[in-house]
Structures are given as C-alpha cells and as structure tokens.
Amino acid sequence: MRVVNIGTTPRTPVTAAEPAPTPLDAAFAEPDTRAAVALLRAELSRSEQSDAMAELIIKAAVNQVRRDPRRAFAFARAAAAHGNATPQTVARALRVAGGALVSLGRPRLAVAHYDRALRLLDVTADAGDLAAVEVKRIHPLSLLGRHAEALAAASRALRIREQLADAIGIAEIEIALGDQRYRQDHYREALRHYTRARNCLAPDKYRRLRAIVDCNSANCLEALQRYGAASRLFERARAAFEKDGLRPTVAQVDHNRAYFAFVRGRYAEALTLYERAEAISTELGDERQLAQVALERAEVHLQMGMPRDARRQAEIAAERFGRVSMVKERAQSLVLQALATIVEGGTPDEVLDEARAVFTAEGSGVWVAECDLLAAAGAESRGELLTARVLATSAHDGFARAGRVARAVSADIVLARLDRAAGRPLDALARLDGATDRLGGLAGPWLEVEILRHRGLALLASGDTAGGAADLAHAMDALDRHRGSVPADDCMIAFLSSRSALFAETVDALLRAGRPAIAFEACERAKARALTDLLERRASSGQPAAALSVVRTRRLEDALHASYSRLRRHASGLDELTVERLATVRRETASLETELAEGRRRDAAAADESPDATASATVPLTLGRLQSRLDGDTTLIEFTELPDGLHAFVVSRTSFAHCRLGVDAPTIQSRAQRFRFHLAKFDVAAALASSELSLRATRSNLSELAAALLGPVRELITTRRLVVVPSPALNGVPFHAFPDGAGWLSETVDVAYAPSAAVYLHCAARDVSRRSVREGPTTVLAVPDDAAPLIEREAWVVANAHGPTAQVFVREQATIARFREAARTSRVLHIATHGMFRPDEPSLSCVNLADGWLDLHGVYETDVRAEIVVLSACESGVAGVAAAGDPLGLLRGFLVAGAPRVLASQWRVSDASAALFMETFHLQLAARVGAETALREARAEVRRRFPHPYHWAAFFLYGHPGGAAGTTRRAPCATLSTPATIAVPASSNARSLGRVSCVPTT
C-alpha cells in the first residue's frame, strides 16, 4: 500500500510552544542512541518524579517517530520499562513504540505492543487513551490482512471520540479507515473518508495531519486517473513534510510520486525517485518500505521490457513482505513474478493460483481481476481462446466495478485481440473505439500505443490497408513521443526490443499500402535507436559519458575484475581452484555482476533526470536526408524481418529500391549456422579443414547465402562501396566473403557494416573532426600471458609496420589510463589482449588490460578520437543484437565513445594468418591509404597463402569504411622482423581468449 501512516502525529497544532528545558536535555542531545537510552534510564532511576520524567521521554519519542523511528522505539521502550510509571504512562509509551514499529515495517510486533497497552488501559478505563490505541491498531491490522479486527477497532474508537466530541480524533479514525479502504482497492470510498477527515481539521492548524490526508488522497486520485489533482496534492504534502524535517515521510511521499510518474510514462523520473526513497528507507531499516519500492520497481521494469530484472525485484519484494507478514503485498509480488515469467515464455499457473487465493480472502476485487487478466494472456498464448475470453471478460468487469478505467481498457485490448483472432475485426474495432472514449484522453503512454497498434491490425484484417498502415504509423509516433522518458542504453534497448513487433507490423503495412519509401523510414526508426540516441547525445555535448556513482561503481568493478582474473587463470590452468572454491567464486561473480548492472541502470535513470540530459528522443532519419549525405560511390542495403520473410531496401545517392527476398530469417540462420560449422572444423582438424574439398563446401554454403540475400538486388549495387545494415538474423553473416562470379565480393566491392543508416551517417561525419589526430601516432596495447604468448609478437609486428613513431605498451604498461590517453591522441589504436563477450549481460563484455578488465561502460567514458580502432582479441567483434537492432558488446562502446570505424573479428583465426593479416593491414595504414583499401589488400594477401575464408574473412569493418588522410596509393607488402627476444613457437593453436566465457555467435 502506498499510503502515509498517521503514526504518532501530535494531537496539538505543530505551532505549539516547545517544552521548557529539562534535566533530560543531555540525553536527548546525545547522538548515539544506545548512550542516550543509558542516560535516560539513569536519570529515571535517580528522579523522584519518574512518572513525569517518563512522560517527557515519551514526548521526545513522539517527536522522533518520523525522523528516526529506531531512536523513537528505543526511547519509548525505556519509558515503558520503568517500574514506577503508572499504567497510563506505560500504555502511552507502548503506543508510541508501536507507531515506531509500524514505521520500521514491523506490523505484527506493533500489534503486540498495542494489545499490551489495551490490557493496561482496561484497568484504568481511560476512554481517550483507549481510543488512541484502537486508532493505532487499525493500520497494522490492515497490513496483516486482519480487516475484521481493524474495523472493530475503528468502530470502538469512533464511538468513544464521538462521545468526547473530539474532532481531531475523529479525523485520525477517518484517515485510518480511508487507508484500509485504499488497501482493499475501494478508492472512491477511501476518498470519502479522507474528505471527512479534512473537514475535521482547521485550515490553519495540524499541518502534518492535513499533509497525510493530501498524500493519501493523491494516491486514490492517481488510481482513478485524476492526474492533475493528484499531482497538486503530492506537491503540497511533500512541502509540508519537508518543512517539518520528516525525512522518512518525505521518502514515503517520493515513493508515491515515483509510482505516479511511472503510470504517466515518466520512467526515468520514477526510477530516480525510487532510488531516493530506497536510500532513506535503507538508512532507517524500513523493511516494509523497501519491499514496496522493490514491488513497484518490478512493475516499471516490466513496462520497460526487462522481465528478468522485474522478476528479480518481485522476488526481493515477496521475500521482504513475507518477513513483515504483509500477506496481500506478498501476493502482489507473486503476480508480478508470474507476469515476468509469462513474458519470458514460462507458465506460472501455481503462483497465480496462490496469489488469487490470498486476494479472494482479502476481498480485493482489483487484484483478483489482475490474476484473471494474466491467466487470460496465458490461455491466449496456448490457443485456448474461449477460456481466454471468459477470463478477460471477468477481469474487465472486476476493474470496471473498482473504477480502474485504465486496467479495464487493458482487458479490452486482450478481448480485441481475441475478436481479431476469431475473424471478427469489426468487433475488435468497436471495442477499441469504446475503450478510447472511456479513457477520455487520460491513457497512459503504453495504452495509447497498444490501442493504436491493435486498431491498426484490426483495420488491416478488415481490408482497410491504408487505414491500418496509418494507425500503426501513429502508434510508432506515440512510442517516439514517450520513449524519451526511458533511461538510456540498457533500459532503452529493452524498451524498444519489447516493442519490435510493432515496428515489423508497421513496415509490413506500409509496404502493403504501396508506400515503400515511408516503409524504409519506419524500418530505419526501428534500427538501433538506443545507440542513435547515445550518438546524438555525444555529438551534442562533445564529451564522453560521465562516470556516475564513482565510488560505488569502482568498488564493484575492482571486485569483479579480481573475480574474472581468478576464473580466467583457472580456465587457463594457471591457478587451480577446488570445486568448492570455484563454485564460490562463480556465485560471488554473479552477485557482483548483478549489483553492478543494476547500479548502472539506476545511474542512467539519474542521468536522464539531470538538467544536462537529452530530454527527448532523436529525430528519425528520412530517405531524402540519407540520400543527400551518401557519396556517389556508396550503396547502402538495409535488411528487415517481416511476417512474410526478409526484405531489403537498397539506397544510393540517386536511387531507391525495395525487394522482398523470398526467404525467411530461420532459413538464413540455418545456413549461417552451417557456415559456422565449417569454421569450427579448424579448431579440431586444421589440415582437413584447409583442404580443397572443405573450401568447395564452404563456398557452396556461402553461395546459397549470397543467392538468397544479394541475388535479387546484385544488379543494383553498381558502386565500389557497399554498406550492409543487417537484421538481427543476419548478424555476423560475412557478406564480404560471398562468392561473386569466379571470385569473392570483397575483390570488387568494399563492404562495411553498420547497425543502422543513421549510425553510419554519424560515423561518416566523424571523419571531418579527426584532423587533430591525422598526424598522431599508432598506439599498440598488448597484454600477453602464458595462455596467449603470441600477443606480444603481434604488438611488435604492428609497431614495425608503422615505424619509429609507433608507441607500444606491453604487459604491465598497457593500463586503462594509457588506453584512455592513446584513444584521445592516436591516429590508429590497436588493442591485442584477451576479450570476453557476455550474451547474458552484454554491458559486462570486456577486454583485459594490465590493471583490470575494461568493460562497455569503461569504454563509454573514454574520448576516442582515433581514425580506426583495431580489436585484435579473439572474436572481439562477436556481439549480440537486440530485437530492435541495437548491437550489444564492445563494438557498441567504441562507436559511442567516438570511433568512426572499428575493425574486429567474428571468429577465431590461426596465429599465422592473423599475423599476416595484421602485418599487411598496418603496412597499408602506415602508407596513408584508407581503411577499406588496407582491408582489401590485407584480405588479398592472406587469401594468396590461405584460400579458405576462415583465414581472410574473419575481420569485419564497422562504421564508415573510408578514412585516412593523404594518398590512397597501395603500400608495398614487406616481410617484417620481430625482436629476437620474442620466441615464436613452431606451431600454435588458433588464437584463444583464455577465458571459458567466450561464446561464439550462432
């Protein structure tokens, strides 16, 4: 529940005079709580007026309840434990202690204190005190699901205070009853209780009570989608609590405001507010509040398309709610766990059944409806459409009865999907139009997008192609309007990937409507937009990404890098770990990775809420703008995966074409996997794999890929340069190694790769700003070890190619600081070391330098001004691709950091062919030819000695393929010498990561 508990709010106006100084002042001023309590007990034991002194201590505890509930509890317990105090005084002390326990998330223990106070007061029959305790019991009893007892307590207290004509006491009871009705999802009834409470309070007094009423009323208004009124009340309540210095209550209001920001689609703001509330709650040890923050974070992560993070937060919430015996909230956590499981493709029926039983017992119709809606989605996914309809209808009715219009519309969307699946698109349209009318312009961003999307699909199903395409395009527009509030990078990638179906549906509809140019622009809007946002931000600021939460981040990074090193040494046989120790190190590593990834996501949310953050999404690229910025020697081909298979858009400066390729993504993936199988043979039988028979088999396989992907459009590629923008299924497919006539495509066409056309234009624009390093040195950083000793030989081969101006940093000299300096001042940056791609957590992909592992965020924080970055680590270019086309891994980091082009490998290569490739490539660069020319010559030289594509096609060029200043003459290919001190084994295995986590792309 997101209401503010009335706690132990003073019954007198907050403007009352402060008490006169007492002998207890020293104890109250003592900052250490234990020492303060010791002083209080000593003073009580000496005093002849111990009961009066206990009352003063209770009053001090009351003033501490919201500022420091732990200190308040300790003071109240000290007063209650004094043997000479009267029963009334002890009961008051217990009442204050109970209020502190509620603030600390201990409702069961709070009720025990209140019950003991009631037993003491029964002896004295003080009606006012009895009513005060009964009022305090209402909230924790409600938290424990004991609603009948809570209502009985409220009834007894109300009867007493009406007899006493105690208006303020009646207001407290109305607040408590409103809180209970809010917990039961009866928002209008709760508002009526809060209104009656407000009417009991004089407008110029009782500021805290009025602020509590404001905050809790705002929660009800938010649930009823009256956002403007809710916002005003939240702000007024927070200002009042802040004025009184009530940090815990301010944290609670921020928590409520966070959920309010979330339902309005302001994700970054919500996450930042949750972070603030969590920090204060952690300091106070408020388990209840921490559990609630985790629960609502889970909901935010689900909306951002991050089910794994959502499930983890929901599990944390369930555990914490279980510890404080909050049954309903634990069941809510189970519902979010179930939803995350459904998104991940699982079946959470048992979890849903457990949650439904709790909500039924609690009488919470809204949450029973949530369970029905989730069960409907599960039945729909299994093809049980009739069952899904019954459940979705039940959910709709439950939401409608509770006045939850937005949730009822969510059920309408499910029912509209079912109508369309049953062949009744007109019924779906009528249902969605009715839902839009009921919302009355108050739709949350995700509802607006989903209504437009499903309306467009229903129009398409009814035969209205133009109308369907228009509505789907409007859905993409709505998504663009709202996505600017999503934190950058990881969250944005997940957010857009979870909505990839909308992009494909829109492009497909526009093509069916005969609008291929607009379809291309829609396709481009779906490609690597999170990366484009980062590039736009970098271009506008001219600065690398800021390192946030530096102390925490560096501490986690240091610990994680130490774990990685231990695991790598174990995998290399350099440091044997026992089975138990290895398991421990892996568990510690996983925990550190999770903490670091979550911390960085929170930092991203905070950055997006800062005054310097880019507030809105980037402007989409148009076809005309792209053509105007392409040079006359470049053709760009962009692939997309649609329901009827793969499509290609071919763009040059003067032409544009669209082609349906007649092959689907699974077929291409199968053929690409077969190619990978051919490459894998080199790891087990290099001589056999290098045979003429193996070359013919590989060429045949690549010919099939070429025929499917380039055959229909080959005649449109008339320029010397080809930029390939692949779809996710084509990630890692070597277009440059496609057979072309009797030779290979790379012999006649210079092929480069880019995540999107917009990213390609960013990389092209960077060449203009690289003049400051045109004459900079070539810098090589190399970290060899016993598992990969030939790395040092490669470093000197590269240095010799560039002559005396080259800088070489080997072993302990190749530090992260040297890397950052070299990235800023060098013309060419070559990194030869171990690398690691993490498909499970791509932001943790990294390369090993002398003083630590440099991961994606470490690269982000670097200012890369080199013309080209060469990553000469095994499979350094291997990276996942999100469903929305965003590249994941180190390649992403170097593009964001400023590199206009990156050369990286997609598979393991032998040391001999790798050395020859790098030698030739760097000789060409030293002669001031462009990167694409150097790459062409290096491939040709390797191919003369090693004909199989395994040897010469492993390195892909990403970004803008042109590049170096000066001439474009061919440099002579010379044999270079290496220092005599470097021992080169007569035979060696394929270049290896020396790291068990290397996962090849499939």
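Predicted model: local features only at pLDDT ≥ 70, side-chain atom pairs only at ≥ 80, totals over all residues.
Local features were taken at pLDDT of at least 70 and side-chain atom pairs only at pLDDT 80 or more, while totals for chains, interfaces and linings use all residues. Residues are numbered from 1 along each chain as its sequence is written, and side-chain values rest on heavy atoms, without hydrogens and water.

Helices and strands are DSSP runs, numbered from the N terminus; a helix (H or I) has at least four residues and a strand (E) at least two. Helix H10 covers residues 187-200. It has 14 residues and spans 20 Å from its first C-alpha to its last. This is close to the 20 Å expected at 1.5 Å a residue, the expected span being 1.5 Å times one less than the number of residues. Six names make up the buried set of H10: Tyr187, Ala190, Leu191, His193, Tyr194 and Ala197. Buried means under 20% relative accessible area, exposed over 50%, and partly exposed in between, with a 1.4 Å probe and protein chains only. Seen down the axis, the buried residues of H10 fall within an arc of 160 degrees, so they line one face of the helix. The arc is that of the directions from the helix axis to the C-beta atoms. The cover over these residues includes helix H9 (167-183), helix H11 (207-223) and helix H19 (365-381).

Strand S8 (residues 778-782) is mostly covered, with 5 of its 5 residues buried. In a regular strand the side chains alternate between the two faces of the sheet. In S8, Thr778, Val780 and Ala782 point one way. Thr779 and Leu781 point the other way, and all are buried. S8 has parallel partners in strand S10 (residues 828-832), over 5 bridges, and in strand S9 (residues 807-810), over 4 bridges. Two strands pair if DSSP finds at least two bridges between them. Thr779 stands opposite Leu829 in S10. Ala782 has Val810 of S9 as its bridge partner.

A further open sheet is formed by 3 strands in the order S11-S12-S13, with antiparallel pairing. Its edge strands are S11 (835-836) and S13 (852-855), each of which pairs on one side only. S11 is joined to S12 (residues 846-849) by 2 bridges. Gly835 stands opposite Val847 in S12. Helix H38 (residues 816-825) lies across S12 and S13 and runs at about 40 degrees to S13. Axes here are lines fitted to C-alpha atoms, for helices over the stretch in contact (heavy atoms within 4.5 Å). Angles run from 0 to 180 degrees between N-to-C directions.

The structure holds 20 aromatic pairs. Rings of Phe, Tyr and Trp (its six-membered ring) pair if their centres lie within 6.5 Å; planes under 30 degrees apart count as stacked, over 60 as edge-to-face and the rest as tilted. The ring centres of Tyr259 and Phe262 are 5.6 Å apart and the planes stand at 65 degrees, so this pair is edge-to-face. Tyr259 and Phe262 are 3 residues apart in helix H13 (residues 247-263), about one helical turn. Tyr259 is buried at 10% relative accessible area, and Phe262 is buried at 1%. The rings of Phe917 and Phe921 have centres 6.1 Å apart and planes at 10 degrees, so this pair is stacked. Both residues lie in helix H41 (residues 911-926), 4 residues apart, or about one turn of the helix. Phe917 and Phe921 are both buried. Elsewhere, ring pairs link Phe639, Phe675, Phe735, Phe738, Tyr753, Trp907, Phe956 and Tyr958 into a cluster.

Two non-glycine residues have a positive phi. Ala165 has a phi of about 55 degrees and sits in the loop between helix H8 (147-163) and H9. Ala165 is exposed, at 65% relative accessible area. Arg811 also has a phi of about 55 degrees. Its place is the loop between S9 and H38. Arg811 is partly exposed, at 38% relative accessibility.

Arg288 lies in helix H15 (residues 287-303). It is buried, at 6% relative accessibility. Leaving aside residues up to four places away in sequence, Arg288 touches Val102, Ser103, Gly105, Leu143, Gln252, Phe321 and Met326.
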